[in-house]
Amino acid sequence: MTWHAVADLTEFEDRPVLAREAGGVALALYRVDGAVYATQAHCTHAGVSLAGGEVVEGYIECPAHYGLFEIATGRAQGGPVCRDLATYPVRVEGTRVWVEIRPDGARR
Ligand code: FES
């Protein structure tokens with residue numbers, strides 16, 4: 001297991017979703033009700049970046065076809081999406097945000 005420093009909490013002040021890369025994995029980072037979550041960066045429907053999506057009450061809405069995923073679990077919530085997002089463990093130390101990526105890039 002390898003933890004990667006991927007962001008600072010201050011970066012969420014202007015944007016609800018951050019696009020990052022760690023350990024060869026493209027990530028989307030979200031701050032919801034004070035907690036930070038990480039999922040795969042791209043929608044499971046047609047691969048559009050979720051970083052351009054809208055966060056609404058704990059869900060990320062894909063900007064392409066409005067598919068919804070629950071951010072905390074990655075669970076697909078209907079619409080054109082039927083496959084869940086991969087999620088990754090997150091920890092926050094001070095203001096630094098760390099994401100755990102297994103060396104083989106495997107998902108949780
Ligand atoms: S690419 Fe996300 S809903 Fe179609």
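This is a predicted model: local features need pLDDT of at least 70, side-chain atom pairs count only at pLDDT 80 or more; totals for chains, interfaces and linings use all residues.

Visitor: Which residues touch the most other members in the largest nonpolar core?

Guide: Val6, Leu27, Leu29, Tyr88 and Val99 do, in a core of 16 residues.

Visitor: And which elements give two or more residues to this core?

Guide: Strands β1 (2-8), β2 (17-22), β3 (25-32), β4 (35-40) and β10 (96-101).

Visitor: Switching to Val97. Where is it?

Guide: Val97 sits in strand β10.

Visitor: Buried or exposed?

Guide: Val97 counts as buried because its relative accessible area is 0%, and the cut-off for buried is under 20%.

Visitor: What is Val97 in contact with, leaving aside neighbours within four places in sequence?

Guide: His4, Ala5, Val6, Ala7, Leu9, Phe12, Val36, Val90, Arg91 and Val92.

Visitor: How far apart are the C-alpha atoms of Val97 and Glu54?

Guide: They are separated by 21 Å, and the two residues are 43 apart along the chain.

Visitor: Now sheets. What is the order of the open sheet of three strands?

Guide: It runs β5-β6-β7, with antiparallel pairing. The edge strands are β5 (54-56) and β7 (68-70). The twist averages 30 degrees from one strand to the next.

Visitor: How many bridges join β6 to β7?

Guide: Three, with β6 covering residues 59-61. Within that pair, Ile60 stands opposite Phe69 in β7.

Definitions and conventions. Residues are numbered from 1 along each chain as its sequence is written. Side-chain values use heavy atoms; hydrogens and water are left out. A nonpolar core is a set of buried Ala, Val, Leu, Ile, Met, Phe, Trp, Tyr and Cys residues joined through side-chain atoms within 4.5 Å. Buried means under 20% relative accessible area, exposed over 50%, partly exposed in between (1.4 Å probe, protein chains only). Helices (H or I, at least four residues) and strands (E, at least two) are DSSP runs, numbered from the N terminus. Contact means heavy atoms within 4.5 Å. Two strands pair if DSSP finds at least two bridges between them. Axes are lines fitted to C-alpha atoms, for helices over the stretch in contact, and angles run from 0 to 180 degrees between N-to-C directions.
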